[in-house]
Amino acid sequence: SCEIEPFKQSYICRNFPGIPVFPDITKLSASPEVVDVYGRPRTIPAGNLFVAGTSCKDFSMLKTTHRIDIEDKGTSGETF
């Protein structure tokens, strides 16, 4: 698993014990051994598929009545 935000890292570690958690997916291809969120060197598990989910804060109506669209150049819209 990869997560940049520390409080989300702790959620993943607490609810899915034993899985490796890396801080940044963009650094996984730099070398076969990377550092996990605890600072320990780890080997990247074998695999040929990455599944990603992005935050959709701009598209959510949870805390506002105005939704930022892709055309409005919100932060989530930059993903696309």
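Helices and strands here are DSSP runs, a helix having at least four residues and a strand at least two. On that basis, this predicted model comes to one helix and two strands, and the elements run α-β-β from the N terminus on. Of the 80 residues in the protein, buried ones make up 19%. The exposed surface comes to about 6,600 Å², with carbon and sulfur atoms supplying 58% of it. As for contacts with a separation of 6 or more, residues 24 or more positions apart account for 9% of them.

Q9, I12 and C13 are its buried residues, and they line one face of the helix, because they fall within an arc of 95° when seen down the axis of α1.

Next comes the loop between α1 and β1, where V21 has its place. V21 counts as buried because its relative accessible area is 3%, under the 20% cut-off. Setting aside neighbours within four places in sequence, V21 is in contact with S1, Q9, I12, C13, D36 and V37; Q9, I12 and C13 are the buried residues of α1 already mentioned. As for S1, its C-alpha atom and that of V21 are separated by 4.7 Å, with the two residues 20 apart along the chain.

I19 also lies in the loop between α1 (6-15) and β1 (33-35), but this residue is partly exposed, at a relative accessible area of 39%.

On the charged side of things, the count is three salt bridges. One of them pairs E5 with K8, with the closest N and O atoms 3.6 Å apart. E5 is partly exposed at 30% relative accessibility, and K8 is partly exposed too, at 28%.

D36, which turned up among the contacts of V21, is buried, with a relative accessible area of 3%. D36 forms a salt bridge with R40, where the closest N and O atoms sit 2.9 Å apart, and another with R42, where that distance is 3.7 Å. R40 is partly exposed at 42% relative accessible area, and R42 is partly exposed at 26%. Through shared partners, these salt bridges join D36, R40 and R42 into one network.

Note on methods: Residues are numbered from 1 along each chain as its sequence is written. This is a predicted model: local features need pLDDT of at least 70, side-chain atom pairs count only at pLDDT 80 or more; totals for chains, interfaces and linings use all residues. Side-chain values use heavy atoms; hydrogens and water are left out. Buried means under 20% relative accessible area, exposed over 50%, partly exposed in between (1.4 Å probe, protein chains only). The arc is that of the directions from the helix axis to the C-beta atoms. Contact means heavy atoms within 4.5 Å. Accessible areas come from the Shrake-Rupley method with a 1.4 Å probe; for residues, only the protein chains shown count as cover. A salt bridge is a side-chain nitrogen of Lys or Arg within 4 Å of a carboxyl oxygen of Asp or Glu.
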